[in-house]
Amino acid sequence: MTAAEVRRTDGSARDPRDCDFALEPLPGDALHETLHALRRIAPIAPCRFGGQPAFVITGHAALLEAFADVDAFPPHRMYRASFEPAIGESFISMPERERHLVYRRLATPAFRSRAITRFEEAGLRALAHELVDAMLERAPQGPWDLVAELTARFPYKVITRLLGLPREREDAFHAWALALLRFREEPDAARAAAKEFTAYLRPVVAARRREPREDVISELLAAEVDGRRLSDTEIESHIRLLFPTGGETTHGSLGNLLSLVLSRPELQERLREDPSLVPAAVEEGLRLETPIAVLPRLAASRPVRFRDVDLPADAWVLFAIAGANRDPAVFADPDRFDLSRPSRDALTFGRGVKSCPGAHLARRNLQVAMEVLLERLPRLELIDAEAARPRQSVLRAPAALRVRPVR
Ligand code: HEM
């Protein structure tokens with residue numbers, strides 16, 4: 001086996017350039033070994049994506065450069081092709097830079113500041129307790145599946161309550177978000193989900209316009225930038241956008257964090273002894289197992305050259321955030337979970353014009369969920385280590401986190 005090869009599960013060697021990041025599950029270390037091997041070949045290397053030839057950028061410096069090169073890698077193109085047909089037009093898929101900025105400024109402050117601070121202490125923590133109450137009521141001594149009972153529900157409930165949406169369909173949001181994200185694979189199901197979602201949203205938006213409340217929808221209706229305001233239809237699209245972008249990513253990152261902690265009993269012990277370490281554990285978890293391990297970009301509609309590599313028009317280029325986050329040129333001993341590591345260089349939330357406006361909310365979700373779990377549940381052990389390994393690349397998460405109290 002050469003330095004650039006990786007081992008298959010049967011022990012034989014394979015060329016990492018054959019890896020298909022859309023079709024292969026790449027559980028646990030399989031993804032990280034593949035990205036390390038690709039980085040040893042070159043910071044941008046060939047690979048496959050959904051059966052098609054593609055390129056993957058795995059080096060930290062190269063990825064920073066690629067995030068900044070919006071001419072070679074227009075940041076809206078993938079979203080226009082894969083999100084807009086079902087979600088509707090929102091700033092994520094707007095090609096014009098000025099318009100993207102105005103709409104981003106209109107739609108995101110409500111997620112950053114006042115609304116979150118207001119919601120944080122009372123709402124967020126109470127919601128985490130509510131979910132743990134339900135787990136303990138169902139099975140006082142366990143076992144529990146922290147994916148089904150917590151990570152797949154918490155972020156969706158948070159967004160619903162932050163927005164001030166009625167709760168009766170709260171459990172439908174995860175399914176709607178997943179269907180919207182799978183537009184390319186199953187367009188009819190995505191359109192059907194968008195329709196149901198809109199039927200649920202429309203009367204609420206109309207009611208908030210008549211009678212504003214202390215919630216994010218009312219703030220979105222009142223927001224004004226450069227004399228522009230959001231129409232009801234635009235607000236509906238932005239809300240449809242927030243569930244897949246905010247819910248699925250937070251679901252994945254919470255699952256990945258819990259998987260890291262539960263598979264390291266000494267780390268679980270340290271966090272129990274000193275919960276003030278939780279924010280550092282969250283940062284390191286986000287670096288080591290980021291939910292958007294690979295972010296697909298559709299490159300320019302003309303041939304471009306990047307780092308001496310010629311890319312054809314409309315090439316799929318995968319921004320391997322998980323590769324950059326473990327680049328040994330930037331992170332010493334990069335595969336190690338290290339609570340004392342500074343987190344500023346991690347690219348988990350992207351960089352540049354599209355950097356994540358929900359990062360603060362996501363971090364608070366993870367911290368509060370972790371704190372409440374440590375406070376309410378006894379020492380836990382994994383029952384099924386295989387299902388707990390994060391899998392997939394574009395949205396990476398464990399399939400299940402089946403746990404019981406340590407005996
Ligand atoms: C741990 C959780 C999260 C991760 C890892 C994450 C990651 C990212 C990344 C990497 C980008 C850049 C995408 C690009 O360059 O194409 C992004 C953008 C975005 N994120 Fe997040 N995100 C998270 C949570 C959230 C939350 C909670 C929300 C909202 C409630 C959110 C809303 C968005 C939106 C709307 C964009 C597009 C920004 C734009 O087009 O200007 N994200 N996120």
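Analyst: Let's start with a word we will need: buried means under 20% relative accessible area, exposed means over 50%, and partly exposed lies in between, with a 1.4 Å probe and protein chains only. This is a predicted model, where local features need pLDDT of at least 70, side-chain atom pairs count only at pLDDT 80 or more, and totals for chains, interfaces and linings use all residues. Residues are numbered from 1 along each chain as its sequence is written, and side-chain values use heavy atoms, with hydrogens and water left out.

Now to the sheet. Helices (H or I, at least four residues) and strands (E, at least two) are DSSP runs, numbered from the N terminus. Two strands pair if DSSP finds at least two bridges between them. In general, strands of a sheet pair through backbone hydrogen bonds, either parallel or antiparallel.

Here, four strands form an open sheet in the order β3-β4-β9-β6, with mixed pairing. β3 and β6 are the edge strands, as each pairs on one side only. From one strand to the next, the twist averages 35°; for such angles, axes are lines fitted to C-alpha atoms, for helices over the stretch in contact, and angles run from 0 to 180 degrees between N-to-C directions.

Let's cross the sheet in that order. Strand β3 (residues 44-49) runs antiparallel to strand β4 (residues 52-57), and six bridges join them. Ile44 stands opposite Ile57 of β4. The hairpin of β3 and β4 has two residues between the strands, and Gly50 takes a positive phi near 60° there.

On the next step, β4 pairs with strand β9 (residues 316-319) in the parallel sense, over four bridges. Ile57 has Phe319 as its bridge partner in β9.

Thr290 is buried, with a relative accessible area of 1%. Leaving aside neighbours within four places in sequence, Thr290 is in contact (heavy atoms within 4.5 Å) with Asn256, Gly285, Ile321, Ala322, Asn325, Thr348 and Arg396.

Arg208 has a relative accessible area of 6%. Not counting residues up to four places away in sequence, Arg208 touches Gly164, Arg213, Asp215, Ile217, Ser218 and Leu221.
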